[in-house]
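Visitor: I would like to learn how to read strands and helices in a model like this one. Can we go through it feature by feature?

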Amino acid sequence: MIELADIWRTYTMGGEELHALAGVSETIEKGEHVAVMGPSGSGKSTLLNMLGCLDRPTSGSYRLAGREVGDLPDTELSRVRQTEIGFVFQSYPLVARLDAAANVELPMVFAGIGRAERRERVRRAMQAVGIEGRAKHRPAEMSGGQRQRVAIARATVMEPKILLADEPTGNLDSASGTQVLDLLDRMSADGLTLIVVTHDPGVARRADRIVVLGDGRIVRRMAGSQVTDLARLFSGSEA
Amino acid sequence: MRPLDLLGLAWGALAGQRLRAGLSLVGVAVGVAAVVVLTALGEGARRYVSGQFESLGTNLLIVIPGKNETTGSIPGIGGAPNDLTLEDAEALARRIPQAELVVPLAVGNETVSRGERRRQVTVIGATDGFLEARRLAMRSGSFLPEADWDRASPVAVLGSQLATELFEHENPLGGVVRVGEARARVIGILEQRGTQLGVNMDDLVIVPVASAMQFFDRRSLFRVLIQVGVHTEIALAEQRVIDILAERHGEEDVTCLTQDAVSGALGGILAVLTLAVAGIAGVSLTVAGIGIMNVMLVSVSERTPEVGLLRAMGARRRQILALFLVEAVLLSSAGGVIGLTASWLATQLVMLWYPSFPAQPPAWAIGASLALSLVVGALFGVLPARGASRLDPVIALGGK
């Protein structure tokens, strides 16, 4: 599904070259659930943006479903994001002036999908995340957990093959965090390729495997069950 | 993306910032209203003037001695035009079948007095046809009698204001006034008329044309008015005038003005003035456009994370561009419609207060100002919209 080969992402800042990613190679199979961990500044977010086609590698090859996407023009990348990829962010950014249903509908509006089909798919997506009763609520009228579930419904309404989540529970209390993680697990079990960036070993533990980044490189690979070792690695960060 | 969805999204975004959007909408509305109202006033002035001309009748041909074109003759030889004489006028009256009326005119300024009261006024030497040619009416008495044009006679018709000045409460009819050195008996008073083509028709004396030429000691007429029976025969009559006078004078040395030409020229000047005023009003539309640009720039910078989000979910650059552009155009065209409504109300009010003034905005001004408001929105919206569409999605998302 995802094949990264020697991916570099280099920024030039004040004449100095910064390597946010320095030669990352990784293959992720269809339906896998992968957690990306690592300290701040290790390149987690850059890797996620790269995987999500929001950013292009400075060098290296990124093949998505067998197709090289590293050097696609912007219009094509937008199409890939539209059809292949869903994003879930830490701060669950919803468009404040739109109600929940309209937020979920948004990707389909830009994809030019007709009204009737949109309505049906919004209904299904909201049902899938368990917030069908909140369709007419605006973001300000919902709890953090509900908002994140709206965001997940929005990220999956186009039926992408890959769901990218950046600290999906970072702003949630543990009860709604667990709800959201259960939801993601269920989607992963249904065949969605799920990549989660997190600091939280409790979140990472649910993944099939964990990739640990340090200074833009992959420094460790392990199974999700091995996460307790990791907790020792980042001493004191156990949830 | 479907046009209706695009409109819906843009509308929602505007509704989300009511105060700002409302204020810039007012800006556009004021600009459009200014353009429409000012052109309506200009157009009203033009129609008012041409209405004045039409009240004189459009079948009038005015013959003026002298040619207002460069002639082929050598300067100094035959430079001064030939006189336009009473005999010429009589010839015209005889030989132009299309002419209903031919009125020779001699015009000058003279002191008119009665006892101690004296007044410098316009003296018009004319014939009996003048009353009809100029659409004048009598308040009392009678106009100049039908008589041979070359016979001077000591009678005078006074403008209403002049009659009051000279006679106060007395009945002027039958009274005697001095026009220059000559004495004349008042035989009629004109109905009040106001200023007509620059001449105050209430403050003048009309005497037989032969008498006037004696006062002024002139042989040449000031001009000859010819009223043609049918409007379409004006050109024909004009040609006849030129031919007859060329034959009599041995050269083409008169100028014919038609009412159409004069009112057309004046109308042209007023149309240019109207355009100039509209242009000035257009400046306010430009200012309104800058207001829109300001709103859109703030909107883009406030909604940067939203743009990042939309880009992350697959919106293309062009779609982001279209979204913000449609917002700007929606704003400016709504302003345009409100401005039009306001200007319609304003012109209705003007017409209520001054019913004789036809303050009607011309159709082109309505169309142009609406189109202009659209263009203003697109023009000033494009910069912020481009800014939005070029945001890097990663940075727009706030680096998260």
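Visitor: Which residue in β7(B) does B:Ala156 stand opposite?

Guide: Bear in mind that this is a predicted model. Now the general idea: strands of a sheet pair through backbone hydrogen bonds, either parallel or antiparallel. Here, B:Ala156 faces B:Val186 in β7(B). The strands involved are β5 of chain B, residues 155–158, and β7(B). They pair in the parallel sense, over four bridges.

Visitor: In what sense does β4 of chain B pair with β7 of chain B, parallel or antiparallel?

Guide: Antiparallel. Strand β4(B) covers residues 138–141, and β7(B) covers residues 182–190. Three bridges link the two.

Visitor: How many bridges join β6 of chain B to β7(B)?

Guide: Four, and the two strands run antiparallel. Strand β6(B) spans residues 176–179. Find B:Val177, whose bridge partner in β7(B) is B:Ala184.

Visitor: What lies between β6(B) and β7(B)?

Guide: Two residues, and the strands form a hairpin. Look at B:Gly180 in the turn: its phi is positive, about 65 degrees.

Visitor: Let us turn to chain A. What is the strand order in the open sheet of chain A?

Guide: The order is β2-β1-β4-β5, four strands with antiparallel pairing. The edges are β2 (16–28) and β5 (67–68) of chain A, each pairing on one side only.

Visitor: Which residue of β4(A) stands opposite A:Ile2?

Guide: A:Leu64. The pairing here is between β1(A), residues 2–13, and β4(A), residues 59–64.

Visitor: Which strands does helix α1 of chain A lie across?

Guide: Helix α1(A), residues 44–51, lies across β1, β2 and β4 of chain A. The helix runs at about 120 degrees to β1(A).

Visitor: Now helix against helix. At what angle do α3(A) and α5(A) cross?

Guide: In general, two packed helices are described by the angle between their axes and the distance between the axes. For α3 (residues 100–110) and α5 (residues 144–156) of chain A, the angle is roughly 30 degrees, and the axes come within 7 Å. That makes the two helices, α3(A) and α5(A), roughly parallel. Their crossing is right-handed.

Visitor: Which residues of α3(A) meet α5(A)?

Guide: A:Ala100, A:Asn103, A:Val104 and A:Pro107. On the α5(A) side, they meet A:Val150, A:Ala153 and A:Arg154. By class, the contact has five nonpolar residues, one polar and one charged.

Visitor: In chain B, how do α1(B) and α10(B) cross?

Guide: At roughly 65 degrees, with axes that come within 9 Å. Helix α1(B) is residues 3–15, and α10(B) is residues 317–353. The two are therefore roughly perpendicular to each other. This crossing is right-handed.

Visitor: What residues meet where α1(B) and α10(B) touch?

Guide: From α1(B), the residues include B:Leu6, B:Leu7, B:Trp11 and B:Leu14. From α10(B), they include B:Ala322, B:Val326, B:Glu327 and B:Leu331. The contact divides into 12 nonpolar residues, no polar and one charged.

Visitor: Last, the whole of chain B. Into which domains is chain B divided?

Guide: Domain 1 takes 3–53 + 266–389, and domain 2 takes 82–252. Their C-alpha centres lie 55 Å apart.

Note on methods. Residues are numbered from 1 along each chain as its sequence is written. Chains are lettered from A and ligands numbered from 1 in the order in which they are written. This is a predicted model: local features need pLDDT of at least 70, side-chain atom pairs count only at pLDDT 80 or more; totals for chains, interfaces and linings use all residues. Side-chain values use heavy atoms; hydrogens and water are left out. Two strands pair if DSSP finds at least two bridges between them. Contact means heavy atoms within 4.5 Å. Axes are lines fitted to C-alpha atoms, for helices over the stretch in contact, and angles run from 0 to 180 degrees between N-to-C directions. Angles under 35 degrees count as roughly parallel, over 145 as roughly antiparallel, 65 to 115 as roughly perpendicular and the rest as oblique. A crossing is left-handed if the near helix is turned anticlockwise from the far one by less than a right angle, and right-handed if clockwise. Ala, Val, Leu, Ile, Met, Phe, Trp, Tyr, Cys and Pro count as nonpolar, Asp, Glu, Lys and Arg as charged, and the others, Gly among them, as polar. Domain bounds come from an automatic or database domain assignment.
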